[in-house]
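I opened this notebook to record what I looked up, beginning with a sheet and ending with a pair of helices.

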Amino acid sequence: MSGAQSTAADLDVDLRQLFASLARNWLRIVVVALIVTGLALVVAWLATPYYKGATRLLIETRESVFTRPDAGADTNRPILDEEGVTSQVEVISSTDILKQVAQKLDLARLPEFDEAADMSVAGRLMVIAGLKSDPNEVPADERVLKKMQEKLNVYRVDKSRVIVIEFSSQDPKLAAEIPNAIADTYIAVQGNAKLESNSAATDWLAPEIADLSKRVKDAEAKVAAFRAQSDLLMGQNNSVLATQQLSELSSELSRVRASRASAEATADSVRKALASGGSLDSLPEVLSSNLIQRLRERQVQLQNQIADLSTTLLDSHPRIRSLRSQLADLDNQIRREAEKVLAGLRTEAQTAQARENQLVADLNTLKAESARAGEEQVELNALEREANAQRQLLESYMTRYREASSREDRNYLPVDARIFSRAVTPAEPYFPKILPIVSAAFVASLLLMAIGTLLAELFSGRAMRPAARPLRPEPVAEVSMPAVQEQVVPEPIAPVTPEPEAVEAAVAVMSARPPAVLENDEEEAPPDLDNHDPHDGSYEEPEVVATAAPLHSVLGEIDIAMAAEKLIAGGAARAIVVSPEGDEAAATAVLVAREVADAGLRVLLLDLTASGAASRPMLDSALLPGITNLLASESQFSDVIHPDHYSDCHVIPVGTADPARAMRAADRLPIIMQSLTTAYDLVVVECGPTDGQGIRRLVGEGTEVFVSVLEPDDTVAEAAVKLIENGYPDLTLVTPDGRPTPGTPVPGRSAA
């Protein structure tokens, strides 16, 4: 895989050289285009011309408002919907209609429709040789029908009920005659279909009408017989006589009851007036008596005479006494007459009571009769409904039968379609169009020749140029290694995190030392180093280890092997490497990643430096997709992970995307780190000269923070102090002192 990536990355397309090939080969391109255009012109000129004619039909109701049967509210609906019009398209292109047109125009005699009619000698030889099927094996009707279907095109105009019949032919007259003949045949077929439907309707209605007439007669006879048998005589308002009598008797009973109540009330008032001795003048019944009226008039006269005589005579006078005696007799007579009126009222009330009793008895009798008549009326109504239904159906059938018979006799069956545009003989062929064909051939040949020239130039390699890439390290010849010095240490030195106070003291010591001492760390130990032992007195003699050069610790830094041992022993999932000294210190992350990968763990190095200093020594090219492409959503994980050519470690380089665009998606770094730690045992991140805020998104569970140290100077110490102050007190200083250059192959391995 690395070899393929290297090959693809080492070459680029030289667009200038590529398109310059078109200018170099323009003559060949133009000549070929002209030759192809000439051939197209000859072919178009010699091609058989074809003419096309079109006939248009409109699907609409041809029935007149005066002849339309059962004209009602739904007569203005469209005769056919979209599916119905599409169905008519299939009817027009049916084989029956095409066969009728072929027979009418005798198309079987034309070689255009039947190749067996005038087969050439070459065609006969091909049939004999078996290179072509013999058309005589297929019936002539089928051959003609197949040719007609190939040349026929029937379609419906969108959002309308217009059907277009198009036909193409070598003969312009046939191009117009055949679609017109198809349209005429379709109209005739539709008319015959309506005639057959009308005849079938009359044939079916005739026996149905005869049968219905008999059933209507029987139903009406049943109604009459049941009415006579049940004595259901009909009165006014089409009601049964018993029901009508019951209604009248109820009205009479109400009137009698009202009369009786009135008589009883009047008699009671007269009786009370007589019993109390009160005046009878207020009773209307008493005042209505003529005799009482005359007696009242006589009484008034006597009172007037008494009043006149009282002015001249005394009360004991015989005349006055006589008049008073007459007046008393008149009062008695009036009371006796009132008693007679009372007796008459009582008699009237008794008579009304007797009439009421009689009416109640008659009413009960009529109720029973009316209930019986109601039950029989239900049965009678059922018989009448049956008779009415049969009668209405008979009348409907008779109306339709008369309409169908009249249309059949007069042969008036309008088809629901009409031809509104007939095909005319075309003057110009629709094929071939010489100018469009020649133009298209010229443009297409130019385009194809240009594409062919570009592909030939591209595949020849002349349009390729070497890609700009960093220089690969020269292979180093294997040489014999010097003898390894042995030192004894009873226990492995545990990585110790420097305390802030120790770091500050080391900085003070570093500033007090002369430069010559710093440059000769390999020869002598720094002064006062024992006073600032980072192990707090736990330092012991080292065990026997093989090192290429001795390590002299100034700030408590450890070497690559100890850093790898710390990561493996602690089971760390992430290793964050900060390089305050710049790109040169990025070698620490590369060496740590390779050391852990050589131990058999799955390791990934993520390069977050601006210049790609950590990933360049591990890959062939700096133009491979990397973390910026992943953040910018231009690549996937499988596209940005590359193998290290000198170890089993995997690498994600900086990438080729726009860094500003990638940093806008920096919030995705925690998700990317979580995904990588899930897939790998250890993820080593080279962050370059950053601070605690810069590594905040990269820190997670099981994270170790390292500070790369090349030269123990103030820059490293200040960076370590800032990291500790920003919340990373457990950082570890690591130096690649004495290790080979990251780009140098390990003995026993081969670079891709």
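Before reading the sheet I noted the rule that two strands pair if DSSP finds at least two bridges between them. I also kept in mind that this is a predicted model.

Entry one, the sheet. I looked up the strand order and found an open sheet of four strands, running E3-E4-E2-E5 with antiparallel pairing. Strand E3 (152–156) and strand E5 (418–421) stand at the edges with a single partner strand each, so one side of each has no neighbour in the sheet. From one strand to the next, I noted a twist that averages 30°.

Entry two, a pair within the sheet. I then turned to strand E2 (residues 51–58) and strand E4 (residues 162–169), which pair in the antiparallel sense over eight bridges. Looking up Tyr 51, I found that its bridge partner in E4 is Ser 169. Helix H7 (residues 140–151) packs on the sheet, where H7 touches E3 and E4, and the direction of H7 makes about 50° with that of E3.

Entry three, two helices. How far apart are the axes of H16 and H17, and at what angle do these helices pack? Helix H16 (residues 560–570) and helix H17 (residues 587–598) have axes 9 Å apart and pack at an angle of about 55°, and the two are therefore oblique to each other. I recorded the crossing of H16 past H17 as right-handed.

Definitions and conventions
Residues numbered from 1 in each chain as written. Predicted model: local features only at pLDDT ≥ 70, side-chain atom pairs only at ≥ 80, totals over all residues. Heavy atoms only, no water. Axes fitted to C-alpha atoms, helices over the stretch in contact; angles between N-to-C directions. Parallel < 35°, antiparallel > 145°, perpendicular 65-115°, else oblique. Left-handed = near helix turned anticlockwise from the far one by under 90°. Contact = heavy atoms within 4.5 Å.
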